[in-house]
Amino acid sequence: VREEPQPGPVRLRPPVNRVSARAVVQWGLEYFAAWLTISLLSWGIVAWFAGADLEPLPKVVMDWLPVVVAGVGGLTVVVAPLWRYRVHRWEVSSDVVYTRTGWFSRHWLLVPVSRIQTVDTGQGWVERLLGLATMRVHTASHLGSSKVSGLPLETATRLAAELARRAHDLRDDAT
Amino acid sequence: MVQRRRLSPWTAVVGTARELSALVVAGVTGLVVGGLSAGLYFTVAGVVLGLAHSGASWATFTYAVYDDRIELRRQFIGRSAKIIPLDRIRGVDITTRLRHRLLGVAVVHIDAAAGGHDQDAVLDAVPRAEAERLRLLLLAGAPAAAEGPGEVVYARAAPRWYLYAPLSGAYLLTPFALIGSLIGTLYNVGDDLGLITRRRVEGLTRDLAELPQWLVMTIVIVLVVAMPIASVVAFALVNWDFTLKGGGRPGEIVAERGLFTRRSVSLERGRIRGVELRDNPVERLAGVVRLDALVTGLGRAEHRGRLLPAAPTGLAYAVAARILGSTAPGPLRGHPATARARRVVRAMAPFFAAAGFAWLAGRASLAYVCLALSVLGVPLGLDRYRQLGHATGAGRLSVRSGSLRRHQAVVEHEAVVGWRLTQTLFQRRLGLATLTVTVGAGQGGYPAIDIAEPDAVAFAAEITPAWITPFIER
């Protein structure tokens, strides 16, 4: 049956499942580590310039740079994980893996199971502490490869195994 | 019984030609500079060793083509065998450099489907006839019929195509690349022979600074005149007699080009998922476009998927239509007017930001220059907006973007391996989104930038309804 063209604007509905709430902690820790490094670096660079008696930028900028960096970092560490938790969702229908990720920018990714090349799951050390895992679905195109982080380990493992099996059953050349 | 074959006996000579010539040059220089010395004996020993090594690797290497696979074996102190199933072979290139042509041999490069380059196999070198036989054998999976259908020529370079070379920009820099590499070589050789001392370099710099003005002007003028001429020459060397034709068996497309190094790349039509048309503003004015094939599993696709060098637009579209089996869908639908401001702002942003930094750093004059440059972003952004477009029809879809480097991709619906929809906070306010068609060929994905969000979903749903409609909300 051929679908009639939809009247009015069409939108994608969000995928059904949220990721685990523990993912907020994971992202928070990751952002914290990253921004701490950036803050220390900017502070160090400014201190080095001051010590070497150099002033590549006006004094106001040099004085406030580490403060601004730390402020932006602090805000990101607090806001971004919660925002991501609101955005990140996933769904596996009978023939499509549908994910929505991102925070400031959102990405909707639809990967048909019949085009999946490989599926794998991985755990970083933070994820191991929290019992979470990241599932990656690869297609022949690196742009069409999807990544869902913040899944409970058992969900990720089960999904990956199931997707791999279904992809294998369906698969021709998958290009 | 399948015959195990060896490479051409000339391999030993061709393979070491470069090393040999380098050694001979070094030896002769040694003779001239230092007389009959230890250096000369070392050189002779090196040549002998090199020949012995090439001879040994020639003698220990064999290959054989079976019904379903090709085996390459090396059996010397260690053993190695590489086996490539014939159905994994995506392409066979035949390259003949000048020295190969003199000896009647060719290098066969077998491109296997797997990821890394180490999966590819090279037969360096076999006789010309054997190279042709291998190509037919490997790509067909079975010996090709002795006489195929009459040779189809899709396109052949007309002499005036060589004049398009200066339009592309890259070839214009040829004289500078030549001069640069010449100076580099001279410096290295001179340094090795101990001819370069600090005093001489300083003397040379002083002499250069004292050159009369008319001479400097002449050199500059000669360079400016040389740029387009050298670009035509360089382009002609690479693309001499570019021919795109049907191969010896159905579904094979062969692109041949080159004057001294004649390259022949064969593509399987079944693996061509679409084409990409690229041009820049000057080429657009001249009505010229470059055509590439999007081929699945093709390594180094940017050189090997080339279907046409800069060629007249009408011809390029006609060739694309013949290869894809239908014309490109069109006309392209433009993107919403709200996208225009975004293109302009983004084209102006880099120099505007630079101006801000320059102002902060207290370089007012530099800031004004950057501001003036950022104004150039207005026409650029407007043109970028004008070039945006998407279309679908007859089993093909097409997206276009870019201005200074405009590219339009035409992709088969079947080749779509997924959809990526991206929306930044700014795009969301304007109801825009960027829809990327992901494809397992070419660059991996082609974006429709700043399309209206509902149009993006509708576009994807029109092409692959089964994947999108379950997720549509009304």
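These legends describe close-up views of a predicted model.

**View 1. Chain A meets chain B.** The contact involves 39 residues of chain A and 40 residues of chain B. About 3400 Å² is buried between the two chains. Carbon and sulfur atoms give 59% of that area. The interface also holds 13 residue pairs in polar contact, both residues being at pLDDT 80 or more.

**View 2. The side of chain A that touches chain B.** Four elements of chain A each supply at least two residues here: strand E1 (11-12), helix H2 (59-87), strand E4 (96-102) and strand E5 (106-112). E5(A) gives the largest share, 7 residues. By type, this side of chain A has 20 nonpolar, 11 polar and 8 charged residues.

View 3. Across the interface of chain A and chain B, 1 salt bridge is found. A:Arg11 forms a salt bridge with B:Glu453. Their closest N and O atoms are 3.6 Å apart. What stands opposite A:Arg11 in E20(B)? The residue is B:Glu473. E1(A) and strand E20 (residues 472-473) of chain B pair in the antiparallel sense, over 2 bridges.

**View 4. A sheet of 3 strands in chain A.** The sheet is open, and its strands follow the order E6-E7-E8. Pairing is antiparallel. Strand E6 (116-122) and strand E8 (146-152) of chain A are the edge strands, each pairing on one side only. Neighbouring strands are turned by 20° against each other on average, direction ignored. Strand E7 (residues 132-139) of chain A pairs with E8(A) over 5 bridges. Within this pairing, A:Val137 has A:Ser146 in E8(A) as its bridge partner.

**View 5. A sheet of 6 strands in chain B.** This open sheet runs in the order E13-E12-E11-E16-E15-E14, with antiparallel pairing. Which strands lie at the edges? They are strand E13 (306-312) and strand E14 (389-393) of chain B, and each pairs on one side only. From one strand to the next, the twist averages 15°.

View 6. Strand E12 (residues 288-295) of chain B pairs with E13(B) in the antiparallel sense over 4 bridges. Here B:Leu291 stands opposite B:Leu308 in E13(B). Helix H11 (residues 313-324) of chain B packs on the sheet. The helix touches strand E11 (272-279), E12, E13, strand E15 (396-401) and strand E16 (406-412) of chain B. The direction of H11 makes about 150° with that of E13(B).

Key: Residues are numbered from 1 along each chain as its sequence is written. Chains are lettered from A and ligands numbered from 1 in the order in which they are written. This is a predicted model: local features need pLDDT of at least 70, side-chain atom pairs count only at pLDDT 80 or more; totals for chains, interfaces and linings use all residues. Side-chain values use heavy atoms; hydrogens and water are left out. Contact means heavy atoms within 4.5 Å. Buried area is the accessible area (1.4 Å probe) that two parts lose on being put together, summed over both. A salt bridge is a side-chain nitrogen of Lys or Arg within 4 Å of a carboxyl oxygen of Asp or Glu. A polar contact is a pair of N or O atoms within 3.5 Å; within protein, one must be able to donate a hydrogen and the other to accept it, and residues adjacent in sequence count only if both atoms are side-chain atoms. Ala, Val, Leu, Ile, Met, Phe, Trp, Tyr, Cys and Pro count as nonpolar, Asp, Glu, Lys and Arg as charged, and the others, Gly among them, as polar. Two strands pair if DSSP finds at least two bridges between them. Axes are lines fitted to C-alpha atoms, for helices over the stretch in contact, and angles run from 0 to 180 degrees between N-to-C directions.
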